[in-house]
Amino acid sequence: MLIIISIAVFLATLVGGFFALHLKDRLHLILGFSAGAIIGVAFFEIIPEALELAGEVFEATTILAITVLGFCIYLVLDRTILLHGHGEQDDHAHRASAGAASISLHSFLDGIAIGLAFQVSYAVGGAVALAVLAHDFSDGINTVNMILRHKGERSKAMHWLFADAFAPVLGIIATLFFTVPEYLLGLLLALFAGFFLYIGASDLIPESYHAHPVRWTTLTTIAGIVVMYAIINLAGV
């Protein structure tokens, strides 16, 4: 199963990058749906599972505080290291490479999230993998846009796109070499939920409706949430 997931996240990143290069007109709708999917998985699967796994050791408020901590950590990283903003253009090559490298780093962490989630169960691992697939698609878009926006060449954009595509695969492989206690898995899932909530609400949603009609992107975001709710409940996870 992990082999299939690894191939899927690799391809999702590549497809996102190719869309950014060739098919820009409908990206906002896909990003809107991806935002809803990530938010839905965080609320309907990851947080409940975190509460169940760590609930015998920690209070629910403590576990949810870890989710808030994850949100805040990603907020700080996004504003300081991940460089998703539209800052000054005085050092294009440096900003482009640093931004693409940071995206690849958190793609590696996405792979860690998938691997640890599969240590809980196939159901939880599958749900987290769905969120990461949506996220990695947008990462592929962001990686290419990061290079091109800072006047980089298409060849350099492709180089970083493949680096970003391999990163989550390496993260998944890394988790084959260690395990963590059940209660700690719960806390890590709560942390990852905070990451996903930030990515969906503060990254993908603004990116989806930037310079595009709000009505359709709003509908696709809601559709992503509803679809994830339906999938998780129909699967009985």
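I take buried to mean under 20% relative accessible area, exposed over 50%, and partly exposed in between (1.4 Å probe, protein chains only).

**Ground rules.** I am looking at a predicted model, where local features need pLDDT of at least 70, side-chain atom pairs count only at pLDDT 80 or more, and totals for chains, interfaces and linings use all residues. Residues are numbered from 1 along each chain as its sequence is written, and side-chain values use heavy atoms, with hydrogens and water left out.

**Thr220.** I started here: at 16% relative accessibility, Thr220 counts as buried. I found Thr220 in helix H8, residues 214–235 (helices are DSSP runs of H or I, at least four residues, numbered from the N terminus). Setting aside neighbours within four places in sequence, I see Thr220 in contact with Leu29, Gly32 and Phe33 (contact means heavy atoms within 4.5 Å). Leu29 sits 191 residues away along the chain, yet the two C-alpha atoms are separated by 6.3 Å. I also checked the side chain of Thr220, which reaches the backbone oxygen of Thr217 at 2.8 Å.

**Confidence.** I looked up pLDDT, the predictor's confidence in each residue, from 0 to 100. The protein's mean is 81, and 83% of its residues reach 70 or more. Over residues 85–90 the pLDDT is below 50, and this stretch has seven contacts in the model beyond near neighbours in sequence. Where pLDDT is low, the predicted coordinates should not be read in detail.

**Helix H3.** I checked the length of H3, residues 60–80: at 1.5 Å a residue, its 21 residues should span 30 Å, and the end C-alpha atoms are 30 Å apart, which agrees. The expected span is 1.5 Å times one less than the number of residues. Which residues of H3 are buried? I noted Ile63, Thr67, Gly70, Tyr74 and Asp78. Down the axis of H3, the buried residues fall within an arc of 70 degrees, so they line one face of the helix (the arc is that of the directions from the helix axis to the C-beta atoms). On the other side of H3, I found Thr61 and Arg79 exposed.

**Ser107.** Ser107 is in helix H4, residues 92–120. I have it as buried, because its relative accessibility is 0%. Beyond four places in sequence, Ser107 is in contact with Asp136, Asp139, Asp164, Ala167 and Pro168.

**Leu185.** My last stop was Leu185 in helix H7, residues 182–209. At 7% relative accessibility, Leu185 counts as buried. Not counting residues up to four places away in sequence, I see Leu185 touch Leu53, Leu116, Gln119, Val120 and Val180.

Definitions and conventions: Helix = DSSP H or I, 4+ residues; strand = E, 2+ residues; numbered from the N terminus. Polar contact = N/O pair within 3.5 Å; in protein donor to acceptor, adjacent residues only side chain to side chain.
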